[in-house]
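Biologist: Please take a close look at one part of this model, the places where its pieces meet. I would like one connected account.

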2 protein chains.
Amino acid sequence: MSLRHAILVLLQDQEASGYDLAREFANSIGLVWNATHQQIYLELGKLNEQDMVKYRHIPQDGKPDKKLYRITDAGRDELIRWLRKPAAPPRIRDSFMVKIAGGALSEPSAVLRELEDQADLRRERLSTFEALAKALAERNSEKDMYTYLTLRRGILDQQAWLSWADEVRAELHKREDLPTSA
Amino acid sequence: MSLRHAILVLLQDQEASGYDLAREFANSIGLVWNATHQQIYLELGKLNEQDMVKYRHIPQDGKPDKKLYRITDAGRDELIRWLRKPAAPPRIRDSFMVKIAGGALSEPSAVLRELEDQADLRRERLSTFEALAKALAERNSEKDMYTYLTLRRGILDQQAWLSWADEVRAELHKREDLPTSA
DNA sequence: TCTACTTATTCAACGGATTGCGCAGCAATA
DNA sequence: TATTGCTGCGCAATCCGTTGAATAAGTAGA
């Protein structure tokens, strides 16, 4: 659980609606970790109940009304408290690892096929991230730095996965008698 | 959701109780991804209802009775079906990324301190994994291979995180005027 | 003109995961 | 003797996350 804190972080800078947050999410942390708008609205509701945020109701014409949320002092306190509290590193929860263990017992070639599919996806993601990171690095602004670092995290993660895939491929070919190419 | 499939994979080899599975989990996939016994018992219950597994009730003296679960044909079918179905790569859900974005706005030094704490943890985990992997590689048995690959995944993951931490450290030092050492 | 997208919020349902608790008895150790 | 730790199972509550859908009105494009 840290979506609530992610929201509080984003609200530190400016007032925003749930919709705004959903978009901002998609452009920063969400590049790597996405949250749906439902989640965000839900969390905003809870934060409001707990007086971590408050909102102004803004009637609009042409567009639907919106609620502009702002962080409160209680919210800022909670955020700081959370920042101080050390967090446990997240677990890897990759179903593909299960497939490797399972596939070897039934269909090794199917696992290899999926390995290649996943690798393609990862390579694609990698080049997307690299392009975005390059663009951000050139602008070199203070505000973009966190987005840049987030992207770097994503990049290193893809690279690590791809290296792992190389090892898995080699191991499987070594053990089974499988063709060298797909 | 792939705990159910992880369980089915483990049950392919042998009959096991929930307790056994919890332990096996801790020694293979669970090195990297842990599941609690509650989750496992719950999942076994559901799998049983759906006839994916069946069990024999084993009375014991000295110890509490146990249920030895075995995979059924329906379970094996389900497993194969799942193995064939391509899965989406998991998202990175690391609250530390949120902290970086948040900490810079309030207390950069606290974030750096936690970065080092996390790095220590990761380094520890890394050397544990490396020791285990080395031992497994020497035994070089067919059955250990999947555990070995799982460990390699964990190792590469820790290394990637540590590289990222180096970048974060460098970036933060570049921007803020902070001392070079902790 | 009809379709599709954007802005904006919310409800409902389900399933997965975590936390906390309880029961039960044996073995080892402090 | 008292405490801890291991084997073994389970319930209940809560939370987190995903999917799907509904409502509502403007605007851009085929």
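Modeller: Chain A of this predicted model is divided into domain 1 (3-84) and domain 2 (95-175). The C-alpha centres of these two domains of chain A lie 31 Å apart. Their contact takes six residues from domain 1 of chain A and seven residues from domain 2 of chain A. Between them the two domains bury about 470 Å², with 73% of it on carbon and sulfur atoms. On the side of domain 1 of chain A, the residues that lose the most area to domain 2 of chain A are Ser28(A), Leu31(A) and Val32(A), together 75% of what that side buries. Across this interface there are zero salt bridges and zero residue pairs in polar contact, counting pairs with both residues at pLDDT 80 or more. The side of domain 1 of chain A that touches domain 2 of chain A divides into three nonpolar residues, two polar and one charged.

Now the interface of the two chains. Here 64 residues of chain B are in contact with 63 residues of chain A. The area buried between chain B and chain A is about 6100 Å², and carbon and sulfur atoms give 64% of that. In chain B, Ile92(B), Arg153(B) and Arg175(B) lose the most area to chain A, together 11% of what that side buries. Four salt bridges are counted between the chains. In a salt bridge, the side chains of Asp94(B) and Arg153(A) meet at 2.8 Å, N to O. The count of residue pairs in polar contact between chain B and chain A is 15, both residues at pLDDT 80 or more. Helix 7 of chain B gives the most to the side that touches chain A, with 19 residues. By class, that side of chain B has 31 nonpolar, 14 polar and 19 charged residues.

Definitions and conventions:
Residues are numbered from 1 along each chain as its sequence is written. Chains are lettered from A and ligands numbered from 1 in the order in which they are written. This is a predicted model: local features need pLDDT of at least 70, side-chain atom pairs count only at pLDDT 80 or more; totals for chains, interfaces and linings use all residues. Side-chain values use heavy atoms; hydrogens and water are left out. Contact means heavy atoms within 4.5 Å. Buried area is the accessible area (1.4 Å probe) that two parts lose on being put together, summed over both. A polar contact is a pair of N or O atoms within 3.5 Å; within protein, one must be able to donate a hydrogen and the other to accept it, and residues adjacent in sequence count only if both atoms are side-chain atoms. Helices (H or I, at least four residues) and strands (E, at least two) are DSSP runs, numbered from the N terminus. Ala, Val, Leu, Ile, Met, Phe, Trp, Tyr, Cys and Pro count as nonpolar, Asp, Glu, Lys and Arg as charged, and the others, Gly among them, as polar. Domain bounds come from an automatic or database domain assignment.
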